[in-house]
Amino acid sequence: MKHITCIEDLRQVHRRKVPKAFFDYADRGSYAEETLRANRDDLQQIKFRQRILVDVSKRDLSTTILGEPAALPLSLAPIGLCGMQFGDGEIHACRAAQAAGIPFTLSTMSICSIEDVAANVDKPFWFQLYVMKDRGFIKALIERAIAAKCSALVLTVDLQVIGQRHQDIKNGMTVPPEWTLSKLFDFATKPAWVSGVLRGKRRTFGNLAGHLKGTDDITALGTWIGTQFDTTLNWKDVEWIRSIWPGKLILKGILDIEDAQEAAKTGAQALVVSNHGGRQLDGAPSSIEVLPEIADAIGSQMEIMFDGGIRSGQDVMRALALGAKSCMIGRAYIYGLGAFGGPGVAKAIDIIRNELSTTMGLCGVNTIAEIDDHVLAI
């Protein structure tokens, strides 16, 4: 990996090594992908203020996230189907994050189950929750996260209605998958990926399979999932979840200042300014566009995290300068996972760490706490 210099390099290797359907699942967005593009474009429009002749010999990237020490202001966001990017992908990604000293978030729609990951890593991790119509199952899922000693619950609040992802439909990304001649040929040209996934513990949604009556086979499970996203979800459900979950709560998917103000009333410790990586409401503003006003409004009441378009340490610096306490990366680490497994995730984290450290030095700051809008050319 010595010639891998940036996240885009990992993306290109990922695209070569992983079947198109799974690469596109991670890489693409909803509808015309306007919001997907805006997340990147708007970040790149933010320019830094270069400072010179400042002693930056003692730069320190360490911080705290939800009161816990972190080696840098970064966590790995919840991503579904990691185990189909690389066999046992969730376990490999969690190990890489923990070795780097940052949090990992396991998705409800993961391939490895909560229990699979807990049995194979040394420290607690975060668990992300989608609230489905079957509240009994959701209660049991929260209780499983408690039993696994998960250290935070990340409640995703922007998936009541699913935005259409055209490329997933074109690629037949269904459960079970649609098998076509072109897909079989694609798989056949990637034997390393095939053998890796076959060696993995599971090839379906580990948190769901076997825990729901009548969903032991993948077809029944796919049918159940398609009926379960709940359009009635509302703020009272957050109260219900808080009554079950005793630990730290993060609300992910806030993009509006009024929603942020409501979130601050729930008792949650943090929120994530996020538009689901441009995979939900197409035409929504970029995450970075709305971050400053949300941070100004409720940053003193709860911790502000940022998600949406991060591909570099420079992007992390931009988000911190505009009010985020830490950032989440999704695609950036998935590219590494698909490219090289756990070492690829570690490489993605290292790239961002090194870029952030260099950017801090060239902007004349030594600590994360010093980063504010004074580092920007505005």
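Start with helix 4, residues 89-100, and helix 16, residues 342-362: their axes come within 8 Å and cross at roughly 40°. This is a predicted model, so please hear every value today as computed from that prediction. The crossing of helix 4 with helix 16 is right-handed. On the helix 4 side, the contact uses H92, A93, A96, A97 and A100. On the helix 16 side, the residues are G342, V345, A346, I349 and R353. Sorted by class, the residues of this contact are 7 nonpolar, 2 polar and 1 charged.

Next, another helix pair. Helix 6 covers residues 135-147 and helix 11 covers residues 235-244. Their axes come within 10 Å, and the crossing angle is roughly 40°. Because of that angle, helix 6 counts as oblique to helix 11. The handedness of this crossing is right-handed. Helix 6 brings R135, I138, K139, I142 and I146 to the contact, and helix 11 brings D237, W240, I241 and I244. By class, the contact of helix 6 with helix 11 has 6 nonpolar and 3 charged residues, with no polar ones.

How much space lies in the second largest pocket? About 560 Å³. Its lining has 26 residues, and those closest to the centre are V157, D158, Q160, G253 and D259. Which elements each supply at least two residues of that lining? Helix 11 does, and so does strand 7, residues 248-254. Helix 11 gives the largest share, 3 residues. Taken by class, the lining of this pocket is 14 nonpolar, 8 polar and 4 charged.

Rolling a probe the size of a water molecule over the atoms shows where empty space is left. With a threshold of 30 Å³ or more, the model has 1 cavity. The largest cavity holds about 50 Å³ of space. Which residues line the largest cavity? They are Y130, V131, T156, L159, Q160, F229, D230 and L233. That lining divides into 5 nonpolar, 2 polar and 1 charged residues.

Key
Residues are numbered from 1 along each chain as its sequence is written. This is a predicted model: local features need pLDDT of at least 70, side-chain atom pairs count only at pLDDT 80 or more; totals for chains, interfaces and linings use all residues. Side-chain values use heavy atoms; hydrogens and water are left out. On a 1 Å grid over the protein atoms alone, a cavity is a set of points where a 1.4 Å probe fits but cannot get out, and a pocket is an open set with protein on both sides within 12 Å along at least five of seven lines; lining residues have an atom within 4 Å of a point. Grid points are joined across faces, edges and corners, and a volume is the space filled by probe spheres set on the points. Ala, Val, Leu, Ile, Met, Phe, Trp, Tyr, Cys and Pro count as nonpolar, Asp, Glu, Lys and Arg as charged, and the others, Gly among them, as polar. Axes are lines fitted to C-alpha atoms, for helices over the stretch in contact, and angles run from 0 to 180 degrees between N-to-C directions. Helices (H or I, at least four residues) and strands (E, at least two) are DSSP runs, numbered from the N terminus. Angles under 35 degrees count as roughly parallel, over 145 as roughly antiparallel, 65 to 115 as roughly perpendicular and the rest as oblique. A crossing is left-handed if the near helix is turned anticlockwise from the far one by less than a right angle, and right-handed if clockwise. Contact means heavy atoms within 4.5 Å.
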